[in-house]
Amino acid sequence: MKNDLIELYSDYLLSSSGKTTATGVSELLDNVYSHDQFTRLLSNNEFTSRDLWLYVKPVVRQVECSDGVLIFDDTIQEKQFSKENALNTWHFDHTKNRTVKGINLLNAHYHAGDASIPVAYKLIEKTILYTDLKTKKVRRYAEQTKNEMMREMLMICCHNQLMFRYVLADSWFCSNDNMMFIRHDCNKHFLMAMKSNRKVSLSLDDKLQGRSQRIDTVDFSEDKPVQGWIAGVDFPVLLYRQVFKNKDGSTGILYLVCSDLDCCIFW
């Protein structure tokens, strides 16, 4: 019964464009389920990431494979007119290049074959208040960074024996700590976007001598990946430049880094 209510209420939220209430979903279902049933469902459960995993685990076990990928990303649901608190607060939105007020959600999606299933999530709560000495304004920050949360979620996915080969993420998560953690602690590979100003060495000798260059100055004229080393990372990686067209007709460039030297994605 609980799972049926969860399915119904989830579908109701996804399909609604206006205000959503327990009474509203009950009326939509011709009162087959009372609004009290939905109220109890929402008030008596926290719905943590663990609950999500237990809910999707049977489906995941049917579709998972050793070549699956685990995708990390975060999204912001803007709530500009809602009262500010630890959950609904200000976050930097890289798609708008400015801070917005809303709920920030870090999620992990498992993708295998044609299936894409959320397997873990973390709500970003900025519970610590401080005063900005420059502006004298009260601001908030979280006890953990997103990168720390990402590594914690990744370890839990490994503990749950989720089958996957690659971790995929954008440049926000392309830190040395994350790359080292994925390879050494989780024994997995990664494929991530990199910022154009990241420094790389194109030979082991260059790395040992401390010689490096920005990735946007690397010669990718042969349109194939280049092996290189990143400062602070103790293993070689593949570097690749992807050129694409944006919707407005402009040209975009994406720099990628992969820990799997035998990766065939680029060919």
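Analyst: Threonine 89 is part of strand β2, which covers residues 88-93; strands are DSSP runs of E with at least two residues, helices are runs of H or I with at least four, and both are numbered from the N terminus. The model is a predicted one, in which local features need pLDDT of at least 70 and side-chain atom pairs count only at pLDDT 80 or more, while totals for chains, interfaces and linings use all residues. Residues are numbered from 1 along each chain as its sequence is written, and side-chain values use heavy atoms, with hydrogens and water left out.

Threonine 89 has a relative accessible area of 2%. That value makes threonine 89 buried, since buried means under 20% relative accessible area, exposed over 50% and partly exposed in between, with a 1.4 Å probe and protein chains only. Setting aside residues within four places in sequence, the contacts of threonine 89 are Glu84, Val100, Lys101, Gly102, Lys126 and Arg140; a contact means heavy atoms within 4.5 Å. Threonine 99 is ten residues from threonine 89 in sequence, and their C-alpha atoms are 9.7 Å apart.

Beyond four places in sequence, asparagine 147 touches Trp172, Phe173, Ser175 and Asn178. One of these, serine 175, lies 28 residues away along the chain, with 8.1 Å between the two C-alpha atoms.

Helix α1 shows how buried residues are arranged along a helix. It takes in residues 2-15, 14 residues in total, and spans 20 Å from first C-alpha to last, close to the expected 20 Å; the expected span is 1.5 Å times one less than the number of residues. Leu5, Ile6, Tyr9 and Tyr12 are buried in α1. Viewed down the axis of α1, the buried residues fall within an arc of 130°, so they line one face of the helix; the arc is that of the directions from the helix axis to the C-beta atoms. Cover for these buried residues includes α2 (22-28) and α3 (35-43). On the face turned away from the buried side, α1 carries the exposed residues Leu14 and Ser15.

Two loop residues have backbone angles to note. Most residues other than glycine have a negative phi. Lysine 136, in the loop between β5 (128-131) and β6 (138-141), has a positive phi near 65°. Lysine 136 is exposed, at 62% relative accessible area. Aspartate 223 also has a positive phi, near 55°, and sits in the loop between β10 (213-214) and β11 (226-230). The relative accessible area of aspartate 223 is 52%, so aspartate 223 is exposed.

For the chain as a whole, the secondary structure comes to seven helices and 13 strands. The C-alpha atoms fill a box of roughly 70 × 55 × 40 Å along the principal axes. Of the 267 residues, 36% are buried. Among contacts between residues at least 6 apart in sequence, 54% join residues at least 24 apart.
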